[in-house]
Amino acid sequence: MSHEPSTETVADGVARIVWAPTLAGADWTTTLDTVRREVAAALEAHGRVETHVPADDEAAQRVATWSGMRREGVMRGVDGDHVVYARLSSDIAVDEPGGFRALLNSFLPRKRAISQMLVRDADGRVLVCQLTYKQDWDLPGGVVEVGESPQLAVSREVEEELGLTIPAGPLVLTDWLPPWGGWDDALCLVFDGGVHAASITDRIVKQAREIRSAEFLTGEQVHERCADFTTRRIEAALANLASPDGGPAYTESGR
């Protein structure tokens, strides 16, 4: 492969840039300037310019990013994974605040958020759901959508899955969930759902594809039916509510 990057039209209006792993003999500034010029030239005749960078080549990923191309995702392949970067002719210039923020937003870490609701009855039991997609029980709630308030998300999930309209109260607990079983790590935010009559379960309308049943459980029943990390999370959230000074506001896997 030559010193200079090369551009190929791979589809109507789409160009793909490739370059040698090190642009032999070139320093960082020279490499970056060279690729930037290639991107600008490609955009004169194409609406999109992209590059596929090996997932283990951090130097090439930095070049792609600071040449103005946004990270779009990882393309898996039999010859190794590649990170896809691209720039559109309509993208805001990188030297403008909005363009720079969009560039940063494309590659900075993102963490999954899960919102759950802690609903109790007058006897101190906790409303817990039996789910269709796993054996153990869990608090009502679900994944926060992109751009959605976690506090509004949990009320939406409770209404969608149980047919109950319960406004979410204050945040009770932030529980970090480490990577596990194919999942990336996540933050679980537990909001106070208040104390309700036990008969509220009579009004539940289950979302059949996700909820088998929902019941108020005692602490002993939570231990029997929930995963250990879920049990710890529930206990930590209850402790926080019960303590005059507040219990653990932050836990990791319930600890």
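Visitor: Serine 253, then. Is that one buried or exposed?
Guide: This is a predicted model, and in it serine 253 has a relative accessible area of 13%. Buried means under 20%, so serine 253 is buried.

Visitor: Where is serine 253 found?
Guide: Serine 253 is in the segment after β13, the strand that covers 250-252.

Visitor: What about the phi of serine 253?
Guide: The phi is positive, about 55 degrees, although serine 253 is not a glycine. Most residues other than glycine have a negative phi.

Visitor: Moving on to pockets. How much space lies in the largest pocket?
Guide: About 840 Å³.

Visitor: Which residues lie nearest its centre?
Guide: Those are Ile114, Lys134, Asp138, Leu177 and Trp183, out of a lining of 35 residues.

Visitor: How does the lining of the largest pocket split by class?
Guide: There are 17 nonpolar, 13 charged and five polar residues in that lining.

Visitor: What about the second largest pocket, how much space is there?
Guide: About 370 Å³ lies in the second largest pocket. Its lining includes Arg110, Lys111, Arg112, Glu145, Asp184 and Asp185. By class, the lining residues divide into six charged, four nonpolar and one polar.

Visitor: Back to α6 for a moment. Alanine 242 is in there; buried or exposed?
Guide: Alanine 242 is found in helix α6. Its relative accessible area is 64%. Exposed means over 50%, so alanine 242 is exposed.

Visitor: How far is alanine 242 from lysine 134?
Guide: They are 30 Å apart in space, C-alpha to C-alpha, and 108 residues apart in sequence. Lysine 134 is one of the residues nearest the centre of the largest pocket.

Visitor: What domains is the chain divided into?
Guide: Domain 1 covers 6-106 and domain 2 covers 112-252. Their C-alpha centres lie 42 Å apart.

Visitor: Now alanine 42. Where does it lie?
Guide: Alanine 42 lies in helix α1, which covers residues 28-45. At 6% relative accessibility, alanine 42 counts as buried. Its C-alpha is separated by 9.8 Å from that of glycine 13, which is 29 residues away along the chain.

Visitor: And isoleucine 166, where is that?
Guide: Isoleucine 166 lies in the loop between α4 and β10, the strand at 171-177. It has 5% relative accessibility, so it counts as buried. The C-alpha atoms of isoleucine 166 and valine 154 are separated by 9.2 Å, and the two are twelve residues apart along the chain.

Visitor: Last topic, rings. How many aromatic pairs are there?
Guide: A search of the whole structure finds three aromatic pairs. Ring pairs link Trp66, Phe100 and Phe107 into a cluster.

Visitor: What lies over the face of tryptophan 137?
Guide: Arginine 225 does, at 4.7 Å from the ring centre.

Key:
Residues numbered from 1 in each chain as written. Predicted model: local features only at pLDDT ≥ 70, side-chain atom pairs only at ≥ 80, totals over all residues. Heavy atoms only, no water. 1 Å grid on protein atoms, 1.4 Å probe; cavity = no way out; pocket = protein on both sides within 12 Å on 5 of 7 lines; lining within 4 Å. Points joined across faces, edges and corners; volume = space filled by probe spheres on them. Nonpolar A, V, L, I, M, F, W, Y, C, P; charged D, E, K, R; others polar. Phe/Tyr/Trp six-rings, centres within 6.5 Å; stacked < 30°, edge-to-face > 60°. Lys NZ or Arg CZ within 6 Å of the ring centre and 35° of its normal. Helix = DSSP H or I, 4+ residues; strand = E, 2+ residues; numbered from the N terminus. Buried < 20%, exposed > 50% of the residue type's maximum accessible area, 1.4 Å probe, protein only. Domains from an automatic or database assignment.
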